[in-house]
Amino acid sequence: MIYLDNAATTKMFEEGADLYKQYACHSFFNPSAGYSQSSSIKKELDNTRQKILSILGVREGTVIFTGGATESNNLAIMGSKRNGKYEYIFSVGSHPSVYNVAKELERLGHVVHWLNLRDDGQVNYVELEKLLNDKTRLISIEHVSNETGAINDIKRIASMRDVLAKNALIHVDGVQSFCKLNFSLEKIKIDFYTFSAHKFHGPKGVGGLYVKNLNTIKSIVFGGGQEDGYRSGTENVGGILAMGYAIGKIEVLRNFEHVSLLNSRMKEILSADSHIHVNNFEGSPYILSVWFENVNGETLMRALADEEVIVGTGSACSSKKAGNRVLENIGFKKDQIKSHLRISFNAQLTVEEVEKAGKIIVEIYNNIRERVL
Ligand code: PMP
C-alpha cells in the first residue's frame with residue numbers, strides 16, 4: 001500500500017507504540033497518586049510539556065494535554081469567550097472543530113465575524129484589518145489549511161492585532177503545521193496553539209493546547225482538577241509519552257526538504273496530463289490539492305484504494321457532508337470541487353513510492369475518464 005492521506009492521520013512510530021504499551025501494562029500508575037512511582041510519571045509528563053514548549057520556541061506559557069485537537073480548539077475558543085460586548089473573528093476555511101464552535105458562539109448570541117479566503121487559499125488580511133477593534137476578543141486562524149495546504153501568515157496577523165486590537169487573543173490551529181513547518185512562536189506573539197499527535201506519527205485521541213497566559217482561559221471540563229484544573233480527567237500517560245517520542249524523533253527541516261521533493265515529483269507527474277490540474281496554493285509541501293476533469297473525486301479515490309493507493313477527498317471529518325466549504329469560498333466551481341482529491345505526504349515515503357503512486361493515479365484516472373466520456 002502507498003498511503004497518501006497523511007493529513008487525515010499518520011501511521012504511529014512502532015517505538016512510540018512500544019512505549020505506549022510500557023506505560024499501559026507496566027508503569028501504568030496514575031500520575032496524580034502520592035507514591036514515588038506516580039511522581040516519576042508526572043515528571044515525565046512535565047518533561048514532554050517542556051519538549052513541546054521548546055519545539056514551539058517559547059519560554060513563556062504552558063501546555064495543557066487534551067484528547068486531541070478538536071478538544072484543544074474547543075478549549076481555546078469556549079474557554080476564552082467572555083460575556084459582554086466582545087467580537088470574535090474566524091476564517092471560513094477553518095476545520096470543522098473550529099468552524100462549528102464558532103457557529104455555536106453565534107447561536108449563543110455572540111458577535112462572530114467571518115474572514116473569506118483569497119485565491120491562494122490564505123485568509124483575506126484586508127478584511128481582517130477592517131474587522132479588528134478594541135472589542136475583538138479572539139481571532140482564530142488555521143496555520144496550515146487541512147484542505148489546501150495554504151499557509152496563513154500568523155506573524156502578519158499578530159502584528160495587525162498589536163496595532164489595531166490590543167486586547168484580542170490569537171488562537172492558531174496548528175494541527176497541519178506542528179512538527180512539519182519550521183517556525184518559532186518566540187517571534188510570533190500568539191496566545192493559543194493547537195496540536196494533535198496522530199498527525200505526526202503519534203497516537204490518536206491525544207494532543208494539546210499551548211497557552212501563553214492561563215488567566216485568559218477557563219476550563220470547559222470539570223472534575224478532579226488535573227492539568228492545573230484546566231482539563232480534568234486522568235492524563236493519557238502512554239499517549240502523551242508516545243507523542244513526546246514522536247516529537248523527539250522528527251527532524252522538521254530534513255523532513256520538510258524531503259517532502260518538498262516528494263511533492264514536486266508528484267506535481268510533475270500529474271501535471272504532465274493536461275486534464276489533471278494541480279492547484280497552485282504554494283503552501284505546505286505536505287498537502288497537494290488536485291482536480292481531475294470529468295471524473296468524480298470519490299469514484300477515483302475508491303478505484304485507487306482498490307489499487308492500494310490511498311488518497312483523500314478532503315477533510316475526513318467533513319467527508320460525509322456535501323460540497324466543500326473551503327474550496328467553494330476560494331472560488332472553485334462545483335464540478336472542480338466534485339472532482340477534487342487531496343494527496344498528503346509523510347517523510348517516510350520514498351521518491352520511488354511517490355512516483356509509482358503518481359503513475360497509478362494518472363492511469364486509473366484515464367481508465368475512468370475513457371469510460372465516462
Ligand atoms: N484541525 C485541523 C486543521 C485538522 O486537520 C484536524 C484533523 N483533521 C483537526 C483540527 C482535528 O483533530 P483531531 O482529530 O485530533 O480532533
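This is a predicted model: local features need pLDDT of at least 70, side-chain atom pairs count only at pLDDT 80 or more; totals for chains, interfaces and linings use all residues.
Residues are numbered from 1 along each chain as its sequence is written, and side-chain values use heavy atoms, with hydrogens and water left out. Local features need pLDDT of at least 70 and side-chain atom pairs count only at pLDDT 80 or more, whereas totals for chains, interfaces and linings use all residues.

Helices (H or I, at least four residues) and strands (E, at least two) are DSSP runs numbered from the N terminus, and two strands pair if DSSP finds at least two bridges between them. Seven strands form an open sheet of mixed pairing, in the order E2-E8-E7-E6-E5-E3-E4, with strand E2 (62–66) and strand E4 (111–115) at the edges, each pairing on one side only. Strand E8 (residues 207–211) runs antiparallel to E2 and is joined to it by five bridges; Val63 has Tyr210 in E8 as its bridge partner. Helix H2 (residues 36–56) packs on the sheet, touching E2, strand E7 (192–196) and E8, where contact means heavy atoms within 4.5 Å.

A salt bridge is a side-chain nitrogen of Lys or Arg within 4 Å of a carboxyl oxygen of Asp or Glu, and by this rule the count comes to 17. Among them, Glu106 and Lys103 meet at 3.6 Å, N to O, both lying in helix H4 (residues 96–107), three residues apart. In another, Asp120 and Arg118 meet at 2.7 Å, N to O. Arg161, Asp162, Asp191 and Lys212 are linked in a network of salt bridges.

Notes:
Axes are lines fitted to C-alpha atoms, for helices over the stretch in contact, and angles run from 0 to 180 degrees between N-to-C directions.
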